[in-house]
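Colleague: I have a model open and would like to learn how to read it. Can we go through it feature by feature?

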Amino acid sequence: MRVTLSAIYAEVGGLKSEVAALVAQLGPHVILTKEKQGEYEKRLENHGDRLGNIEGRLTRIEAAQRPRAPWYVVTGAVVGILTGAGALIALVGTLARIAELSNQ
């Protein structure tokens with residue numbers, strides 16, 4: 001089978017018109033897709049900013065929180081203070097009694 005230049009030219013011309021028709025049909029779809037892509041990129045940038053803000057807030061909240069001591073530590077401290085105060089009062093009383101006895 002022999003292929004002539006005019007047959008090749010006709011085939012290429014037909015393909016060229018088919019490609020042009022396809023581009024014309026796809027044009028609006030490509031534009032919509034690019035617009036959606038831009039919207040997605042913008043939303044992703046906003047998410048990054050929002051995540052950064054949330055991380056900053058979380059860091060400030062964690063820094064503001066004070067560690068809480070367990071109940072038994074607080075109870076032990078209160079008992080220790082009361083015991084120390086009682087011992088001091090007993091010591092003062094004992095010293096006063098000793099001073100009374102030595103003055104007699």
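Colleague: What radius of gyration does the protein chain have, and what would a compact globule of 104 residues have?

Modeller: Keep in mind that this is a predicted model. The protein chain has a radius of gyration of 45 Å. A compact globule of 104 residues would come out near 13 Å. Now look at the box around the C-alpha atoms. Along the principal axes, the box is roughly 145 × 30 × 15 Å.

Colleague: How many helices and strands are there in the protein chain?

Modeller: The protein chain has two helices and zero strands. Helix α2 covers residues 71–103.

Colleague: What share of the 104 residues is buried?

Modeller: Buried means under 20% relative accessible area. Here the share is 0% of the 104 residues. The protein chain exposes about 10,000 Å². Carbon and sulfur atoms supply 65% of that area.

Colleague: Which residues form a nonpolar patch on the surface?

Modeller: The patch is made of Leu88, Leu91, Val92, Leu95 and Ile98. Together they have about 490 Å² of accessible area. Ile98 sits in helix α2.

Colleague: Now charges. Which residue forms a salt bridge with Arg97?

Modeller: The test is a side-chain nitrogen of Lys or Arg within 4 Å of a carboxyl oxygen of Asp or Glu. Glu100 is the partner of Arg97, with the closest N and O atoms 3.4 Å apart. The count by this rule is one salt bridge. Both residues lie in helix α2, three residues apart, which is about one turn of the helix.

Colleague: Why does Glu100 count as partly exposed?

Modeller: Because its relative accessibility is 45%. Arg97 also counts as partly exposed, because its value is 47%.

Colleague: How many aromatic pairs does the structure hold?

Modeller: One aromatic pair. Trp71 and Tyr72 form it, with 5.8 Å centre to centre. Planes over 60 degrees apart count as edge-to-face. These planes are at 85 degrees, so the pair is edge-to-face.

Colleague: Are Trp71 and Tyr72 buried or exposed?

Modeller: Both Trp71 and Tyr72 are exposed.

How values were computed. Residues numbered from 1 in each chain as written. Predicted model: local features only at pLDDT ≥ 70, side-chain atom pairs only at ≥ 80, totals over all residues. Heavy atoms only, no water. Patch = residues over 30% accessible without salt bridge, like charges linked within 9 Å, V, L, I, M, F, W, Y side chains within 5 Å. Areas by Shrake-Rupley, 256 points an atom, 1.4 Å probe, with all protein chains shown as cover. Helix = DSSP H or I, 4+ residues; strand = E, 2+ residues; numbered from the N terminus. Buried < 20%, exposed > 50% of the residue type's maximum accessible area, 1.4 Å probe, protein only. Phe/Tyr/Trp six-rings, centres within 6.5 Å; stacked < 30°, edge-to-face > 60°. Rg over C-alpha atoms; globule rule 2.2 N^0.38 Å.
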